[in-house]
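Please read the numbered points with the model in view.

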Amino acid sequence: MVTPTIISLRPGATESAEEHGILSQTPTVSNRQTDPSPDTTTRPSPHESGKRLARRGDSGWWGLHSKTCDDPVVIKAVFFDGDQTLWDFEVLMRRSLTATLTQLKALRPGIRTEDLDIESVVADREAVAKELRGTEANLERIRLAAFSRTLSRLGLPDDDLAGQLNAYYLLHRFDNVELFPEVVDALTVLSRSYVLGLLSNGNGYPERSGLGGTFASVVFSQDHGVEKPDRRLFDVAAAEVGCDPDEVVMVGDSLPNDVSGAQNAGWRAIWLNRDGRDRPDEYTPDAEISHLMKLPKTLRALQLVPSTSAARP
Ligand SMILES: [Mg+2]
């Protein structure tokens with residue numbers, strides 16, 4: 001694992017940056033003495049006010065001043081990945097598949113148990129998704145095709161039964177989402193200072209997980225025909241909240257999808273590393289956290305660091 005370079009911003013700022021995992025590929029030193037950090041305790045939430053973000057340069061509740069090259073860029077919006085960031089999709093998916101296969105055994109008692117292990121069903125789904133890439137983006141239809149594949153593999157080709165299994169799976173998959181324990185508290189705190197968004201390659205609908213009304217923007221790859229890390233998805237998200245790329249931060253568990261994807265679009269990116277995984281040299285998140293409750297302080301510290309991300313041409 002590469003030891004991150006800690007940016008020294010001004011007297012007293014280094015400890016804060018280090019504490020909150022701020023990383024930098026290129027050490028930058030600024031001697032500015034002014035504190036550009038916004039007063040996050042008094043800024044009204046755009047959710048509470050029901051207003052969309054004012055673009056940079058507009059007069060409004062951001063209270064922005066005329067910018068210079070040395071000014072920090074105000075972070076206005078924070079987008080979150082869904083699976084493994086806000087909820088544990090792996091556990092949910094396997095639990096829902098287990099329930100669905102139990103249902104299948106009840107419907108077709110003759111099926112051999114050894115042919116129905118979860119791993120083979122997961123592999124069927126991955127193979128189908130790979131085959132349909134570029135022609136089918138809807139995750140529920142991909143899952144349906146995967147159940148058809150599994151039944152065919154078992155020697156039971158039956159589209160009606162695949163449809164029943166898909167409905168059963170989706171019922172469990174959508175109704176049993178468990179957020180990571182700190183998610184609600186973290187999002188509640190952050191919503192007082194930032195516009196929040198969901199940017200996901202999955203289909204975890206916020207209203208099905210108790211997060212209805214939390215996000216000003218919900219962007220699913222399946223609705224746009226491209227997946228993270230494709231820059232176009234990040235462009236859609238930034239446009240939805242009316243922000244320039246350098247005003248938006250992505251938070252997610254995937255280094256290629258969430259970190260590199262966001263940075264290539266000109267966003268900053270915070271890597272959520274719950275498990276203490278090693279970070280390959282090729283990835284350089286702007287910050288790394290192990291827990292979402294570290295985000296408020298991390299974002300304030302990140303605010304002091306000029307963005308090094310640049311949108312690809
Ligand atoms: Mg994820």
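This is a predicted model: local features need pLDDT of at least 70, side-chain atom pairs count only at pLDDT 80 or more; totals for chains, interfaces and linings use all residues.

1. Two strands are said to pair if DSSP finds at least two bridges between them. By this criterion S1 and S4 are paired, for four bridges join them in the parallel sense.

2. Six strands make up an open sheet, and their order is S3-S2-S1-S4-S5-S6, with parallel pairing. Strand S3 (217-220) and strand S6 (287-289) are found at the edges; each has a single partner strand, so one side of each is left without a neighbour in the sheet. From one strand to the next, the twist averages 20°.

3. Further pairings may be followed on either side. Strand S1 (residues 77-80) runs parallel to strand S2 (residues 195-200), and four bridges join the two. Here Phe79 has Gly197 in S2 as its bridge partner. S4 also pairs with strand S5 (residues 268-272), again in the parallel sense and over four bridges. In that pairing, the bridge partner of Gly252 is Trp271 in S5.

4. Is S4 enclosed or left open by the rest of the structure? Five of the five residues of S4 are buried, and the strand is therefore largely enclosed by the rest of the structure. A residue counts as buried if 20 or more other C-beta atoms lie within 10 Å of its own. Val248, Met250 and Gly252 point one way from S4, while Val249 and Val251 point the other way; all are buried.

5. A helix also lies across part of the sheet. Helix H8 (residues 231-240) extends across S1, S2, S3 and strand S4 (248-252), and its direction is at about 165° to S3.

6. Two other helices deserve a separate comment. Two packed helices are described by the angle between their axes and the distance between the axes. For helix H4 (residues 118-132) and helix H5 (residues 139-153), the angle is about 125° and the axes are 8 Å apart. H4 is therefore oblique to H5. The crossing of H4 past H5 is right-handed.

7. Which residues of H4 meet H5? On the H4 side they are Val121, Asp124, Arg125, Val128, Ala129 and Leu132. Their counterparts in H5 are Ile142, Arg143, Ala145, Ala146, Arg149, Thr150 and Arg153. The residues of this contact comprise seven nonpolar, one polar and five charged.

Terms used. Residues are numbered from 1 along each chain as its sequence is written. Axes are lines fitted to C-alpha atoms, for helices over the stretch in contact, and angles run from 0 to 180 degrees between N-to-C directions. Two residues are in contact if their C-beta atoms, placed from the backbone, lie within 7 Å. Angles under 35 degrees count as roughly parallel, over 145 as roughly antiparallel, 65 to 115 as roughly perpendicular and the rest as oblique. A crossing is left-handed if the near helix is turned anticlockwise from the far one by less than a right angle, and right-handed if clockwise. Ala, Val, Leu, Ile, Met, Phe, Trp, Tyr, Cys and Pro count as nonpolar, Asp, Glu, Lys and Arg as charged, and the others, Gly among them, as polar. A residue is buried if 20 or more other C-beta atoms lie within 10 Å of its own, exposed if 12 or fewer, and partly exposed in between; C-beta atoms are placed from the backbone.
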